[in-house]
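Dear colleague,

My notes on the findings follow it.

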Amino acid sequence: DADLLGVNIKLYSIKDFIDYYNTSIQNTLTFLYNSLRSLPIIFFIVYCIMLVQQQRGTIEEINTLNETIRRTNKDLQNANSQLEEYALMTENLGKTMERNRLAREIHDTLGHTLTGISVGIDACIATVEAAPKETKEHLQKISEVARNGLLDIRQSVSELKPDEADRASLNTLITKMITDMKSVADVQIYFDCSVDKLKFDEDEESAIYRVIQESTTNAVRHGHANEVRITIDRVDNDLILVIKDNGTGCNEIKPGFGTVHIKERIGMLNGSVSFDGSDGFTVRAVIPIRWGEEYD
């Protein structure tokens, strides 16, 4: 300003110029002069106010963010608690499902074995006096069936699962089961399969085998049948399994341990099963098999 320039240059003061005019003009010029000198202070005050307002907005944003973080942490804690409860429920459900699986395995294996032994012993009692030699041979077959059944039960209890390379084919297992049943019981079992290869996933093979085992066991034990027919066909992507016997049948089918387990096994594969006791007893299962590339 003029004071700064007046250090080295002789200048007249602005007041000297203002004093040159009359009183009214002097007042106006003085007002303008003072106003111009106040502008920097006014600008500084305005800037400070704007800065304070900006900082206030930032603080409010920080407070809002802190509140959001607090709510998020609370939600995470609730989610963790729910996950822990869910994990516990899943663990308990897994244990229950495994117990049920073992119960089904033991029931199917033990029931099949004991039925064969019981029917075979009844036959031996009837023939022991008239044909002791044939009775002895029959008892030897019963003993073999009992030993095989004991091995199956031990495998189920210890949760042993054979490797893929060591596991017998489904066709072999069904044939052996039929042979064992026919050797100890007075029953004819016919097996008709139109599917080229009975090779599926392990859960599918297990379900098919156990349904056939349970159905034939019930036919002999409860239906007193002397003839059982097992058929396996393929319709589109479904495997149709039918087990029909010439036993006594029943007018009213009541849910039992065996039929319930058959439904559970087929249900696990998203299949369906029906029972008919009007002419002997018939079990019909429809299983949506996951056919492999060899069937495409």
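Leu36, Leu39, Ile42, Phe43, Val46 and Met50 together form a nonpolar surface patch of about 590 Å². Patches are built from residues with over 30% relative accessible area and no salt bridge, like charges being joined within 9 Å and nonpolar side chains (Val, Leu, Ile, Met, Phe, Trp, Tyr) within 5 Å. Accessible areas come from the Shrake-Rupley method with a 1.4 Å probe, and for residues only the protein chains shown count as cover.

Please note that this is a predicted model, in which local features need pLDDT of at least 70 and side-chain atom pairs count only at pLDDT 80 or more, while totals for chains, interfaces and linings use all residues. Residues are numbered from 1 along each chain as its sequence is written, and side-chain values use heavy atoms, with hydrogens and water left out.

Helices (H or I, at least four residues) and strands (E, at least two) are DSSP runs, numbered from the N terminus. Leu39 has a relative accessible area of 33% and is therefore partly exposed, a class that lies between buried (under 20%) and exposed (over 50%).

Turning to the sheet, five strands form an open arrangement in the order S1-S2-S3-S5-S4, with mixed pairing; two strands pair if DSSP finds at least two bridges between them. Strands S1 (188-193) and S4 (272-276) are at the edges and have a single partner strand each, so one side of each lacks a neighbour in the sheet. S4 and strand S5 (residues 281-288) run antiparallel and are joined by five bridges. Val273 has Ala285 in S5 as its bridge partner. Helix H7 (residues 257-268) packs on the sheet and touches S4 and S5, contact meaning heavy atoms within 4.5 Å.

The whole structure contains eight salt bridges, each defined as a side-chain nitrogen of Lys or Arg within 4 Å of a carboxyl oxygen of Asp or Glu. One of them joins Glu67 to Arg70, with the closest N and O atoms 2.5 Å apart. These two residues are three apart in helix H3, which means that about one helical turn separates them.

Arg290 forms a salt bridge with Asp203 (2.9 Å, N to O). This pair links distant parts of the chain, with Arg290 in the segment after S5 and Asp203 in helix H6 (residues 202-221), 87 residues apart. Arg290 also bridges to Glu204, at 3.6 Å between the closest N and O atoms. Glu204 is buried, because its relative accessibility is 1%. Asp201, Asp203, Glu204 and Arg290 are linked in a network of salt bridges.

Yours sincerely

How values were computed:
Buried < 20%, exposed > 50% of the residue type's maximum accessible area, 1.4 Å probe, protein only. Axes fitted to C-alpha atoms, helices over the stretch in contact; angles between N-to-C directions.
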